[in-house]
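Please keep the sequence and the coordinates at hand while reading.

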Amino acid sequence: MLTAKEIRESFKSFFESKGHQIVPSAPMVVKDDPTLMFTNAGMNQFKDIILGNAAAKYKRVADSQKCLRVSGKHNDLEEVGHDTYHHTMFEMLGNWSFGDYFKQEAIDWAWEYLVDVLKLDPKNLYATVFEGSKEEGLDRDDEAASIWERHLPKDHIIHGNKKDNFWEMVDTGPCGPCSEIHIDLRSEEEKAQVPGAQMVNHDHPQVIEIWNLVFMQFNRKADGSLEGLPAKVIDTGMGFERLCMAMQGKTSNYDTDVFQPIIKVIAAMSGKVYGEDAKNDVAMRVIADHIRTIAFSITDGQLPSNAKAGYVIRRILRRAVRYAYTFLGQKQAFMYRLIPVLIESMGDAYPELKAQQVLIEKVIKEEEESFLRTLETGIRLLDKVIADTRAAGKQEISGVDAFTLYDTYGFPLDLTELILRENGMSVCIAEFTAEMDKQKARARNAAAVDLGDWVVLAEGESEFVGYDYTEHDARILRYRKVTQKKQELYQIVLDKTPFYAESGGQVGDTGAIVSEYETIDIIDTKKENGLSVHITTKLPEHPEADFMACVDTDKREACAANHSCTHLIDEALREVLGTHVEQKGSLVTPDSLRFDFSHFQKVTDEELRQVEHLVNAKIRANVELNEYRNLPIEKARELGAIALFGEKYGDLVRVIQFGNSIEFCGGTHVSATGKIGMVKIVSESSIAAGVRRIEAITGAKVEEMMDKMQDNMNDIRQLFHNAPDLKATIAKFIAEHDDLKKQIEEFMKEKAASLKAELLQKMTCVGGVNVIKAVVTMPAEAVKNIVFQLRGEITENLLVVIGSVDNEKPLLTVSASEDLTAKGVNAGQLVREAAKLIQGGGGGQAHFATAGGKNSEGIISAVDKVVELATA
């Protein structure tokens, strides 16, 4: 039986023998592509070739690509763990042809690999072909069907509709029919009862698709029409985990050697046995799947966070923690301890796991501990919701409350339902679903983008000339309209452009394109599928004219200074803190720079000062730039150039050198470090476990900051009458302030004691209830202390209502003894009603509640209202 490692290598070896270039997997986390957060298919790294934006270096390519599908069109997250074949992270084995071979070779080689190399039984294989579409005016894919008939009997060739057998990347762009290969892994008895052909594409866990052969031969236009592609593309993708299941005679992906080593460790750590309890098994499968996703995301530079791709990773991690917490009894962080077995299983194919092991473990451990605290907070909040619901005589909590727990505190609905069942209660699912639908609608509306068709004025590829020029002659190759959030913008592609497109952490250039007829402002420059796209608010009236493309040089030079400074900071950090420091992200704008790096403790003020001094010394030394373009990657490594984890580099790279600072980089830079002027670090913070962030400014921005600091210092000196020893004067002032504060606190204590005695004397009986009421001018904390002292002295039949005003803000404070609350008196309900008289609101528990407001003139009436309601 072949192992997973052997299967992966056999695929690569087979296609290498067919003249394919074997390329490494692209990072799973996608950078510099606004349309995609994660690599969700093997073809993603070839999008610019498929779209015609770049020439193919190799006509035939094959690889094993790590992919992630959790959101958007490919949303498999909630199925993961519950079935046998869905995953978040998975490997896709694929082969591509860019204008070389087409359907004949793609089908023949797929068959040869599966049947002749892997020895899969052909009688268990089925192929689907596109049946055609009347609405599209497309005929059946007779070409693919006739090729398959050489390998399969006709009853194993199945027609598929447009949904299953016509592949489209997005709503527009390259597309075409596809042919899926399915395998029937059922027992012979099951096959005899129902033929496999009847089970294809019917979600049977043992009759599954293992390989999809996509024949890209059309281009989908914005109006929905199709046109032929000039260069046809073959794009195939085979699920590695599913193939392993078929090859190893298993009925579940999780029973293969891809997952079993991890599951065995989970079982041992939790004291459970895999296969004995269905719910525990689901939990173990969820964790085994998700730990791979989380670890690979971190190695590719994506840390868990509350935004975009980081939020997706945090959501996956928390889903795993929740299953461990609920079903495996794991109340402490434990997933980070799975990293060694993951490395043992996948480290040979993906060595970045071992290289980043310490960081992966630290990030996961901190995230686990944080979410476990969140779960405890959620449980306490849910306990209060349960108590309030029962107090209202109900057994079903509001779906709105459940959604607040989910959305604000990350408390999952199924855990809410589990706790409610244990308390004999339920949740209104319809209300929860309605809230979730509202949130999804808001997200869809925010992200909706309507792309028009490209209007092509001239054929050709766009060339970036911005390393050498900030102005250059240009012609428009193509343009299109883009509508987002009801705003109309236009994207323009130039044949030659000096505009740097946003990438590598550096923001895009702005400026203008100028013709003899008009000037069009460029408000941003983005990179889309390898293409530099210039964003404008209007189109030229004469797009066919000759233009001069002009970059805003002030912003460009500021960006260049900040980008070069990040390289110097990186070098200085490694010198001061150690060579374990690795860049984890950056942001370069004209105004400031941000640099994220691996380090496992706070950088001290002294260390920051050392870093700053080292960088400024190098700036003063005016070290000249050495730029290496189109350098073979091996030569770059020989130079000692630093590469970033999670970045995919080609065979030829660009290297930026300032003395001993040598890095792979595609950004813009100063010609010598002196042009940076000066650097000032303005903050240092933690953004994740083991990852720190430095924010800094350079050049004129440092001058501005120094001027403000000087102005502030002068203002402070004037406040202290230009005292010669300002530090000593301020220290004396603070000491006197603290002394006066203590005197005031003592006075307030005496006043509170006096007020309490006075209130006890004025206690009256209203409707059989002892009532203490008053309106005072006193801070809220002092009022609260008095109320609780009164409550402690008189433990039965007591209602305390105090209205107070502090800094012109009214506050209503109400307390009821336990026997009164048992009779139905509820302080929270009382203050909510009475607070209307002070134009405010509030709440609390049945025995104690407060309410603030805006109208202090209504405080007396509010106090009387509470007494009236409580004694009625």
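## Terms and basis

Helices (H or I, at least four residues) and strands (E, at least two) are DSSP runs, numbered from the N terminus. The model is predicted, and local features need pLDDT of at least 70, side-chain atom pairs count only at pLDDT 80 or more, while totals for chains, interfaces and linings use all residues. Residues are numbered from 1 along each chain as its sequence is written, and side-chain values use heavy atoms, with hydrogens and water left out.

## The protein as a whole

The protein contains 25 helices and 36 strands, and its C-alpha atoms fill a box of roughly 105 × 80 × 55 Å along the principal axes. Of its 872 residues, 50% count as buried, where buried means under 20% relative accessible area, exposed over 50%, and partly exposed in between, with a 1.4 Å probe and protein chains only. Among contacts (heavy atoms within 4.5 Å) with a separation of 6 or more, 68% join residues 24 or more positions apart.

## Cavity and pocket

On a 1 Å grid over the protein atoms alone, a cavity is a set of points where a 1.4 Å probe fits but cannot get out, a pocket is an open set with protein on both sides within 12 Å along at least five of seven lines, and lining residues have an atom within 4 Å of a point. Grid points are joined across faces, edges and corners, and a volume is the space filled by probe spheres set on the points. By these criteria the structure holds 1 cavity of 30 Å³ or more, and about 40 Å³ of space lies in the largest cavity. Its lining consists of Val321, Ala324, Gln330, Gln332, Ala333, Phe334, Glu368 and Leu372, and the elements giving two or more residues to this lining are α10 (308–327) and α13 (357–391).

The second largest pocket holds about 390 Å³ of space. It is lined by 19 residues, of which Glu557, Ala560, His669, Val670 and Ser671 lie nearest its centre. Both α17 (553–577) and β26 (626–632) supply at least two residues of that lining, and α17 gives the most, with 5 residues.

## Covered helices

Helix α7 (residues 240–247) is largely enclosed by the rest of the structure, because 8 of its 8 residues are buried. Those residues are Phe240, Glu241, Arg242, Leu243, Cys244, Met245, Ala246 and Met247. After α7 comes Gly249, which has a positive phi near 70 degrees.

Helix α11 (residues 339–346) is mostly covered, with 6 of its 8 residues buried, namely Ile339, Val341, Leu342, Ile343, Ser345 and Met346. These buried residues pack against α1 (4–17), β3 (89–98), α8 (260–270), α9 (278–299), α12 (352–355) and α13.

## Individual residues

Lys191, placed in helix α6 (residues 188–193), is buried, with a relative accessible area of 16%. Leaving aside neighbours within four places in sequence, Lys191 is in contact with Asn124, Asp184 and Arg186; the C-alpha atoms of Lys191 and Asn124 are 9.5 Å apart, although 67 residues separate them in sequence. Thr374, found in helix α13, counts as buried at 18% relative accessibility, and, with the neighbours within four places again left aside, Thr374 is in contact with Arg318 and Tyr409.

Most residues other than glycine have a negative phi.
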